[in-house]
Amino acid sequence: MRLVNIRPGRATSLVLGILPVAALVFVYVLASASRHAINPGDRILPTPAAMVSAMHTLMFVPDPMTGRLTLWADTLASLQRLCLGLAISTLSALIVGLALGLVPLVRALFGPLVTIIALIPPIALLPILFIMFGLGETAKVMLIIIGILPVMIRDVAAHVETLPTEQMLKAQTLGASSWQLAIRVALPQMMPRLIHALRLALGPAWVFLISAEAIAADIGLGYRIFLVRRYLAMDIILPYVAWIALLAIALDWLLRLANRRLFPWAGSS
Amino acid sequence: MRLVNIRPGRATSLVLGILPVAALVFVYVLASASRHAINPGDRILPTPAAMVSAMHTLMFVPDPMTGRLTLWADTLASLQRLCLGLAISTLSALIVGLALGLVPLVRALFGPLVTIIALIPPIALLPILFIMFGLGETAKVMLIIIGILPVMIRDVAAHVETLPTEQMLKAQTLGASSWQLAIRVALPQMMPRLIHALRLALGPAWVFLISAEAIAADIGLGYRIFLVRRYLAMDIILPYVAWIALLAIALDWLLRLANRRLFPWAGSS
Amino acid sequence: AAQRTEFNIGWSIYAGWMPWPYAQQAGIVKKWADKYGIKINFVQVNDYVESVNQYTAGKLDGVTVTNMDALTIPAAGGKDSSAIVLGDYSDGNDGIMLKNAGSLADIKGRNVNLVEFSVSHYLLARGLESVNLKLADVKTVNTADADIVGAFTSPDVTAAVAWNPQLSEMKKQPGALLAFDSSKIPGEILDLMVVDSATLKANPALGKALAGIWYETLSLMQRDDAQGKAARTAMAKLAGTTLDTFDAQLATTHLYQKPAAAVAAMSAPEFATRMKRVRDFSYSQGLFGPGATSADAIGIAMPGTTLGNAANVKLRFDPTFMQLAADGKL
Amino acid sequence: MTALLSFRNVWVEYGDKIVLERVGLDIDAGSFVSIVGPSGAGKSSFLRLVLGQEAPSRGEVLLDGQPMRAECGPDRGIVFQRYSVLPHLDARRNVLFGLECAGARVTGRLFGAARRRALEEVDAMLDAVGLLSAGGTYPAQMSGGMQQRLAIAQALITRPRILLLDEPFGALDPGIRKDMHALITRLWREYSLTVIMVTHDIGEAFALGTRVLTFDKRRHDPHAPHRYGATATYDIALERKTEVQGSDAE
Amino acid sequence: MTALLSFRNVWVEYGDKIVLERVGLDIDAGSFVSIVGPSGAGKSSFLRLVLGQEAPSRGEVLLDGQPMRAECGPDRGIVFQRYSVLPHLDARRNVLFGLECAGARVTGRLFGAARRRALEEVDAMLDAVGLLSAGGTYPAQMSGGMQQRLAIAQALITRPRILLLDEPFGALDPGIRKDMHALITRLWREYSLTVIMVTHDIGEAFALGTRVLTFDKRRHDPHAPHRYGATATYDIALERKTEVQGSDAE
Ligand SMILES: Nc1ncnc2c1ncn2[C@@H]1O[C@H](COP(=O)(O)OP(=O)(O)OP(=O)(O)O)[C@@H](O)[C@H]1O
Ligand SMILES: Nc1ncnc2c1ncn2[C@@H]1O[C@H](COP(=O)(O)OP(=O)(O)OP(=O)(O)O)[C@@H](O)[C@H]1O
Ligand SMILES: NC(N)=O
Ligand SMILES: [Mg+2]
Ligand SMILES: [Mg+2]
């Protein structure tokens, strides 16, 4: 049987998918143990036990100052910023991407601007951003938006542009106006792609959130990581990174599920 | 005539595309002039003249310490890192994306790992990167690769997965082995998408390059921006950002041209 | 500037500045602000440079900053600033770390990782001077302060300059040598509370409140009893560390306990001498910007004397409010 | 009866490839024009001209005596050679689409009683093409012939003035094809549509059309076949029988 | 002659929709089987079974007496109902592809003399389907009929043991269709292929086939049409004439 035709079942897939992740964890545990054998005070690769104990404190012991459970308070703050940035970006990408992809005039007018903005590294703009939007939540959410929105718009607009010409013509012969083309033909077919673009934007969104929190914040997952980076507290950094990855994977999985449920007709493509 | 059917010509498009950019520049000049009217020493929105003079020095006056022309030396150093990171990522995305998209077994085995890595914000991993790759060029190039490769792989693999089943079957009935399917059917059809993914990755690549140069470097465009960021030297930051955008746009344009020239059959899709 | 009732003060993590956020948490800020009928918000900025930038850009009315950065960032940027609280000088909080070395002289020819153009750069210059080397004898590599500990674990990094809390982490590395530290240049690296001069002029209440807050908090944390310990524990927590580590950092921070001591230090003749040294170093490194044609371009006003261009004073060391505290007139 | 569509010395060229040359034709309102001709002769290209999808590279196309805008609208319906239904709508919604476009300019959707009335019409049309029981099926789950019938139903529901059909019955079996013939003929007659149909089945062309056009190259250079385009080589007017019956088209 | 393909009580179901039920058939090597039947009866599904693209939901398919692997290979060629050529290769390279797969296992490309020899063969095949002058054209620039002929040429060049054709001549005009009939018949005879062809043209089915199968539902519930599947309702063996000529298929 050809390699390309061997399709592992669900259970096999699950096991196969876990294998490399498990292997990585195993390699880490080995490396950590060997470093600790040489230097019991090693901070770079903390043992699983050290990480568990550090996390236990952050998860279950209220901070004596604020009375908050650190991990959960950080998570809540970061997720709020992230979700706000993602929601605004998705909504804007929907509207702007649709207009750019569908209306040649809009594309001619704003296409180059979006491309330029997409290509300016937002990190270089950080000082300007903080000056324009202050030190509050706005600047952090804005950095996420500036970081992911142009890419999402380009992605979605490109997809709308590739909808078959025949389909557009067909809809027009059926009496569709530009507006009806937008909301009845392009928009629904764009939705799966929009959600796909959102999934792809999750990674960068976290990067920008963490970068923003690194500079001006007093709560949040990125803030905590940068705070304890001064002490090379890998026993906190590593579980925090894992936790961020877990949150991101959960979001990603939810979005994939939504795509399958909401747009069954797109299943094959 | 319906809005969607109005297609501006090349010349009109060019003019339309320049309009919003020109408007932005105009607004900036106005804002800068009004700020300088109030405070002639304002550093936040420097006048065009101040930027030109700052740039003149960086472009044509050799640095007394090193004897180098700052802007060109920075550009060369950054472009080297960027291109190396992009080249390695593109090549890896080609191979891994092809394997993931085409071979269900490989997808089952490494798909979840790639997804996880794509969703971990690389910025959070910086201390680990230092320990693994040191502080030299390797670490900077690695940050770019870790930042963009997983997204590129996912993008390309998803595209290979959506190649019509009929095409794969057809090729198999024509005697294609898995290997031949890969190099003769999937690979060529993947190439335009790979270049597209590379274009989309340009933005994030600059972000990671600048982040890496911000953390440890003695030359580079990002190094300069973060160094003078300390002194709010917007007369250097703004032209540097514009220069980075210009370089990015040039790269983007080259890639688009390559896509058109190399893959004429993909023109319509 | 207009008279106002609400002010934003930025702070960042450093041993000598932790009393400020603690005062906010413990209600001391509110107490003094209420007394003068104003409101003061202390805003944490995780990134030190960004906090100073925000102040320079006018988003903050005051900020915690070192003497060198107050000169080269806001003052060089044309912003007239007043240092109203002289909190401490670094007495070992900044240091040069070497690997595989017997003494500081071994640094010659190495790459040195540090935050360029910061007090670390200044400390390096002073250290090199002490072993008859020049800055040109080493190659500096700009490295972010939050990452310098991680960087120092890398085998290809053999020399670095940092401040606390990072410095104490780096000292723990096997084979690391503290080759030079700021206790050898006492009084040259100063930690200040700086506010916008115009705002201060229109709102002297802000200066009074800040001085009141500072000295009440200092006397509380100095206490040897449970209350003092609780205050220092809270500060350690705010800095993301433990009481032991924090106490160790305080030991290398020369806090001016009493307002009178701070006023005296600011008025002493050595103060101007040291400030001139810092200023000349900054100018030689081009930190006054391309427009500056001499070290005297920016005027620095100190009690009894003015350094540089008296017509362009941008940094004022103003002991008025510390004096009021010393006199018990707040 | 004045000419509905007029072609005046029309050329279609792609680069240096000449597809159609010197096409001059008048098409009367209410006629049923069948077009036959070899593969690649330019029949689909001709339909694209009438549709307004493409403009001629030379010459002009007149609609009601006016130069035609290169834009298609609800006065012209089309069934493309490759079935082109909307992939994200099921069969019923695909047919409903045209009625919703006409009846709901802003929302693009019908609600309540208006929707119920429209759906009755849709179901009657689906029944006519034999897809009533497949109303909830998405195009991707349909056989080729089902998709083609869906495309026909979709085009017919808006009763366009000019109906363009590009090999509409190619993928249909004889039984269903006969039903489709009857359906098209009935609608053509009831709503006095003008129909232009491309087909490869000469029997069908003659059975349905009031006029048969053949497209072919008049000259052919074997070494540079692309240097000569096709045009209407034969133009045959027919007396259309009253009703399509039995094996007319076989 | 032993049966090349055997179907033993084969069912094809999509969810609770039954497409084919209780199909039991033997197909001899060297036969030319025509399949006719209404749209949606499951003819394409039947071909997918033979191709190995899908496995039956019940029952089994035997090839040479062995259970068939659900994988397609060079022993079975196919022309799909929707033209499926490789979009990134021009016509000549599309046909060359099969020869390159066989002749260059590692590089997937032929060079030098081998390539020249292969290209001669390719050009002969392109000539046979009337596409010689379109050798450098990409599929996107071709008319529907040209794409279909290209698909036929592509499938024929590897001389598969079993050739599956799903309405291969649907988009072709009578003249070219006749040429194609002759071509298929010649190759079927010369290489003793086994051909299974789905068509809607009953004349074509009888003219070309040595056996005609009709697929249809034996029972039909108007309220739940999907609860009954189709099967081979008629199975007619023919004495095949020696040569296809004239208007056989019209
Ligand atoms: N975009 C294009 N670029 C270049 N040539 C094209 C393009 N579109 C069509 N052609 C050419 O125009 C000619 C006519 O094509 P058209 O589709 O009109 O043929 P047709 O008569 O409909 O054929 P068929 O019966 O096979 O559908 C063909 O030779 C085709 O190769
Ligand atoms: N993926 C699928 N999911 C659900 N139903 C399907 C799917 N594929 C095909 N069908 C159904 O199976 C039935 C048979 O389809 P098939 O394509 O085999 O018909 P056919 O006989 O080839 O028809 P035609 O002559 O129109 O091409 C149809 O009713 C179709 O709706
Ligand atoms: N105050 C210091 N050393 O940063
Ligand atoms: Mg055609
Ligand atoms: Mg079929």
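Colleague: Which chains have the most contacts among the 8 pairs that touch?

Modeller: Chains A and B do, with contact meaning heavy atoms within 4.5 Å. Keep in mind that this is a predicted model, in which local features need pLDDT of at least 70, side-chain atom pairs count only at pLDDT 80 or more, and totals for chains, interfaces and linings use all residues. Residues are numbered from 1 along each chain as its sequence is written, chains are lettered from A and ligands numbered from 1 in the order in which they are written, and side-chain values use heavy atoms, with hydrogens and water left out.

Colleague: How many residues does each chain bring to the contact of B and A?

Modeller: Chain B brings 73 residues and chain A 72 residues. About 6,000 Å² is buried between the two chains, 77% of it on carbon and sulfur atoms; buried area is the accessible area (1.4 Å probe) that two parts lose on being put together, summed over both. On the chain B side, the most area is lost to chain A by R2(B), V4(B) and L119(B), together 10% of what that side buries.

Colleague: And how many salt bridges are there between chain B and chain A?

Modeller: The count is 2, where a salt bridge is a side-chain nitrogen of Lys or Arg within 4 Å of a carboxyl oxygen of Asp or Glu. R154(B) and D252(A) meet in a salt bridge at 3.2 Å, N to O.

Colleague: Which helix of chain B gives the most to the side that touches chain A?

Modeller: Helix 8 of chain B, with 14 residues. Helices (H or I, at least four residues) are DSSP runs, numbered from the N terminus. The residues of that side of chain B divide into 54 nonpolar, 12 polar and 7 charged. Here Ala, Val, Leu, Ile, Met, Phe, Trp, Tyr, Cys and Pro count as nonpolar, Asp, Glu, Lys and Arg as charged, and the others, Gly among them, as polar.

Colleague: How do I read the relation between copies?

Modeller: Two copies of a chain are related by a rotation about an axis and a shift along it. Chain B can be laid on chain A by a turn of 180° and a shift of 0.0 Å along the axis, with an RMSD of 0.2 Å; the superposition is by least squares on the C-alpha atoms of residues with pLDDT of at least 70 in both copies. Of the residues of chain B, P204(B) comes closest to the rotation axis, at 3.8 Å (C-alpha). The same surface serves both copies, as 99% of the contact residues of chain B recur in chain A.

Colleague: What about aromatic pairs?

Modeller: A pair of aromatic rings is described by the distance of the centres and the angle of the planes. The rule takes rings of Phe, Tyr and Trp (its six-membered ring) with centres within 6.5 Å; planes under 30 degrees apart count as stacked, over 60 as edge-to-face and the rest as tilted. Over all chains, 15 aromatic pairs are found. W72(A) and W243(A) form an edge-to-face pair, 5.8 Å centre to centre with 85° between the planes. W72(A) lies in helix 3 and W243(A) in helix 10 of chain A, so the pair ties together parts 171 residues apart in sequence.

How values were computed. Helices (H or I, at least four residues) and strands (E, at least two) are DSSP runs, numbered from the N terminus.
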